[in-house]
Amino acid sequence: MTTRAGAHFPTRLALQGRRVLVCVGGGIAAYKALELVRELKRRGASVRVAMTPAAERFVAPLSFAALSGEPVARDLWSDAHRGEIHVELGAWAEAVVVAPATANLLVRAASGLCDDVVLATLACCRAPTLFAPAMHERMWRHAPVARAVRRLRDDGARLVGPVTGPLASGEVGEGRMSEPSEIADAVERILASTGADLEGVRVLVTSGPTLEDLDPVRFLGNRSTGRMGHALARRALARGAHVTLISGPVALEPPPGAEHVAVRSALQMHEAVLARADAQDAIVMAAAVADWRPAEPSTDKLKKPDGVTETTLRLVRNPDILAELGAWRAARGQRRPVLVGFAVETRDLEQAAREKLRVKRCDLVVANLAADGFGGDEDVALLVDEDGVASTGRIDKHALADLVLDRVRARLASG
Ligand code: CTP
């Protein structure tokens with residue numbers, strides 16, 4: 001930075017003083033991890049490096065030691081360290097980058113194995129973790145690898161890449177590790193949102209579908225997986241909030257630290273949310289609440305009458321929880337709790353979101369096309385509020401959760 005008088009002041013670097021652990025896996029892209037260490041250092045970070053035994057077959061530990069200025073953690077069993085190196089490194093890191101994250105490393109990390117220094121450190125570290133996968137496209141698409149990635153994401157990990165480009169085999173495909181500068185950008189983004197900027201804020205999040213029972217074995221449901229709601233709960237917790245997660249039936253674990261209330265139907269969710277609404281600073285309705293329920297659910301399993309080829313099902317409207325919250329808040333003449341709604345649509349996305357914002361009297365509507373994100377790990381969302389519309393571009397659900405929480409925080413700060 002240069003002042004008008006010509007005096008020079010050092011510019012504050014983006015990662016100044018931040019502690020980043022780089023875990024290097026055994027793939028050819030390990031050579032790019034050298035550049036990543038340089039890039040992180042250039043941006044001001046303190047960097048330490050851990051390597052798997054396979055990584056050492058590609059790049060000498062000495063290169064990482066020279067670039068990071070620190071000894072490299074290579075061996076869980078070495079008596080060179082005082083104490084336990086995985087415990088020490090895990091506590092030291094403010095962010096962890098696994099680059100390259102090979103198929104083997106992803107699958108083992110997702111299972112919680114810890115038989116080398118990288119895996120043991122990952123198991124022992126509570127800092128946000130970013131995986132930069134690198135492998136042949138067929139490995140990336142291999143079902144166990146895809147499952148592992150999904151599990152890691154559900155456990156709160158972030159991913160950057162892989163991108164499409166030339167692979168080590170000479171073919172072109174999706175599996176190439178992101179460039180070091182892109183990985184460093186992702187580290188910056190993660191560290192920018194790890195401050196406890198929601199400390200003491202009470203956030204209620206709803207998640208998943210509601211299921212409306214027809215009889216003891218059948219129900220009406222929808223395709224919501226709960227990934228978005230659970231990601232919101234996880235990110236709010238990481239940012240210091242007190243989180244209540246009211247969730248319909250999902251296959252996901254509630255994040256540790258959240259007060260978890262399991263419900264099944266819209267009526268149960270309605271009751272659980274309203275009972276807690278008054279105590280909240282923000283309520284984020286990410287659940288896909290059923291608008292209708294069977295008028296007469298049967299206590300016995302329904303039988304199909306012989307010879308009948310058509311039938312009708314009578315449905316009654318469920319309460320609209322978000323609309324009720326909006327009306328309740330308006331009646332109190334208050335700005336709290338901040339209310340966030342979601343809209344999944346198949347067409348006219350922006351118009352539908354604006355309409356929901358108005359009708360339900362909430363502060364923000366997060367809208368996405370069913371084809372873009374429902375059930376997946378990534379979304380393209382529109383954030384619609386009274387000031388206008390912003391598109392997020394393609395981002396993962398945890399990053400989207402952070403954007404939503406940024407808006408909530410801004411709203412709370414404005415009074
Ligand atoms: N919502 C709610 N209670 C309901 C239905 C929805 O609180 N009974 C909330 C959802 O959690 C979500 C938003 O309202 O935040 C979704 O709005 P909604 O208009 O119900 O969306 P759809 O169910 O898709 O409705 P429509 O078919 O009318 O677009």
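1. Let's start with a term: a residue counts as buried when its relative accessible area is under 20%, and as exposed when that area is over 50%. Keep in mind, too, that what you are looking at is a predicted model.

2. Now find Glu39, which sits in helix H1, the stretch covering residues 30-42. Is Glu39 buried or exposed? Its relative accessibility is 12%, so Glu39 goes down as buried. Leaving aside residues up to four places away in sequence, Glu39 touches Pro180, Ser181 and Ala184.

3. Next, have a look at the sheet. Strands of a sheet pair through backbone hydrogen bonds, and they can do that parallel or antiparallel. Here 8 strands make an open sheet with mixed pairing, running in the order E12-E11-E8-E13-E16-E17-E18-E19. At the edges you'll find strand E12 (259-262) and strand E19 (388-396), each of which pairs on one side only. From one strand to the next, the twist averages 15 degrees.

4. Strand E18 (residues 378-385) pairs with E19 in the antiparallel sense, over 7 bridges. To see this on screen, pick Asp379, which stands opposite Ile395 in E19.

5. Which strands does helix H12 touch as it packs on the sheet? Helix H12 (residues 349-359) touches strand E16 (338-345), strand E17 (364-369), E18 and E19. The direction of H12 makes about 150 degrees with that of E17.

6. Helix H14 (residues 397-413) packs on the sheet as well, touching strand E13 (282-285), E16, E17, E18 and E19. Its direction makes about 150 degrees with that of E19.

Notes. Residues numbered from 1 in each chain as written. Predicted model: local features only at pLDDT ≥ 70, side-chain atom pairs only at ≥ 80, totals over all residues. Heavy atoms only, no water. Helix = DSSP H or I, 4+ residues; strand = E, 2+ residues; numbered from the N terminus. Buried < 20%, exposed > 50% of the residue type's maximum accessible area, 1.4 Å probe, protein only. Contact = heavy atoms within 4.5 Å. Pairing = 2+ DSSP bridges. Axes fitted to C-alpha atoms, helices over the stretch in contact; angles between N-to-C directions.
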